[in-house]
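Here are my notes on the model you sent. They are kept to what can be checked against the coordinates.

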Amino acid sequence: MSGELDTKKLKEEIRNVSLRRIKNHACEDSIVLEEANELEGDKSAVGQWLSLIFVASSAVKMSFKAYYYTTDANYFTSKALGLDSVDGVSKDQVDDFIKEFCNLVAGAIKESFELVGTKSLISLPLVTRGQDYVFFEVKETESNPEVLTDIWDLTLNDHTITCRIVFEIWDKEAMNKIDLLAFGAEDEDDGDIDFF
């Protein structure tokens, strides 16, 4: 891809990757993507828990976050486990489910960087309290990089996980080369994940 990065297209592709990955991961095709309002003021109102993962290269640092309440994530996890109710879902299973979802989305982003020769590192996903968002905020200033953000909801029968992505762009030229086609890989093999 040459020229300027199409940020609208980038956001659309990342949203689509998250939707495909959650549908596959939860074994549930009726999950829908919905618009969400940018987080303002009390961000802890978005979720009781926050799962996040980082991808870093010389060109860009990215964080992907999933905000959720236990009752919502239990529902998604129960679908992945093939259960008819959330009664048999443990907190550890929920945490594993959400962390693996974050890992799947960040992995697609990392792959798109590497397809154009931008080597990157990926962190392990983690879960923390929703109000800990303050430790992971990035603000654009004159001395900091350009910041690109997006937020959306993934919803299944009134149960929602709110996703937020933040790119800190340090090398705009390298970022402009990102391969958006990598996000569209339909032959992805997400593998089977067992939760115990």
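The points below go from the overall fold to the core, the cavity and the cysteines.

1. Fold. The model is predicted. The protein has four helices and seven strands, and along the sequence these run in the order α-β-β-β-α-α-β-β-β-β-α.

2. Burial and contact range. The protein comprises 196 residues, of which 48% count as buried. Among contacts with a separation of 6 or more, 72% are between residues 24 or more positions apart.

3. Nonpolar core. The largest nonpolar core contains 38 residues, and the members touching the most others are Ile22, Phe64 and Phe167. Two or more residues of this core come from each of the helices α1 (7-26), α2 (70-81) and α3 (91-114), and likewise from each of the strands β2 (49-57), β3 (60-68), β6 (146-156) and β7 (159-169). Helix α3 supplies the largest share, nine residues.

4. Phe167. Which residues does Phe167 contact, leaving aside its neighbours within four places in sequence? The list is Leu10, Ile14, Val60, Lys61, Met62, Ile109, Phe113, Glu146, Val147, Leu148 and Met175. Leu10 and Ile14 fall within the range of α1, and Val60, Lys61 and Met62 within that of β3. Ile109 and Phe113 belong to the range of α3, whereas Glu146, Val147 and Leu148 belong to that of β6.

5. Cavity. There is one cavity of 30 Å³ or more in the structure. The largest cavity holds about 40 Å³ of space. Its lining consists of Ser57, Ala59, Val60, Phe113, Val116, Thr118, Ala174, Met175 and Ile178. By class, seven of the lining residues are nonpolar and two are polar, with no charged residue. Val60, Phe113 and Met175 line this cavity and are also among the contacts of Phe167.

6. Cysteines. How many disulfides does the structure hold? The count is zero. A disulfide is a covalent bond between the sulfur atoms of two cysteines. For Cys102, the closest cysteine sulfur is that of Cys163, and because the two sulfurs are 7.4 Å apart, they are too far from each other for a bond. The cut-off applied here is 2.5 Å between the sulfur atoms.

Terms used. Residues are numbered from 1 along each chain as its sequence is written. This is a predicted model: local features need pLDDT of at least 70, side-chain atom pairs count only at pLDDT 80 or more; totals for chains, interfaces and linings use all residues. Side-chain values use heavy atoms; hydrogens and water are left out. A nonpolar core is a set of buried Ala, Val, Leu, Ile, Met, Phe, Trp, Tyr and Cys residues joined through side-chain atoms within 4.5 Å. Buried means under 20% relative accessible area, exposed over 50%, partly exposed in between (1.4 Å probe, protein chains only). Contact means heavy atoms within 4.5 Å. On a 1 Å grid over the protein atoms alone, a cavity is a set of points where a 1.4 Å probe fits but cannot get out, and a pocket is an open set with protein on both sides within 12 Å along at least five of seven lines; lining residues have an atom within 4 Å of a point. Grid points are joined across faces, edges and corners, and a volume is the space filled by probe spheres set on the points. Ala, Val, Leu, Ile, Met, Phe, Trp, Tyr, Cys and Pro count as nonpolar, Asp, Glu, Lys and Arg as charged, and the others, Gly among them, as polar.
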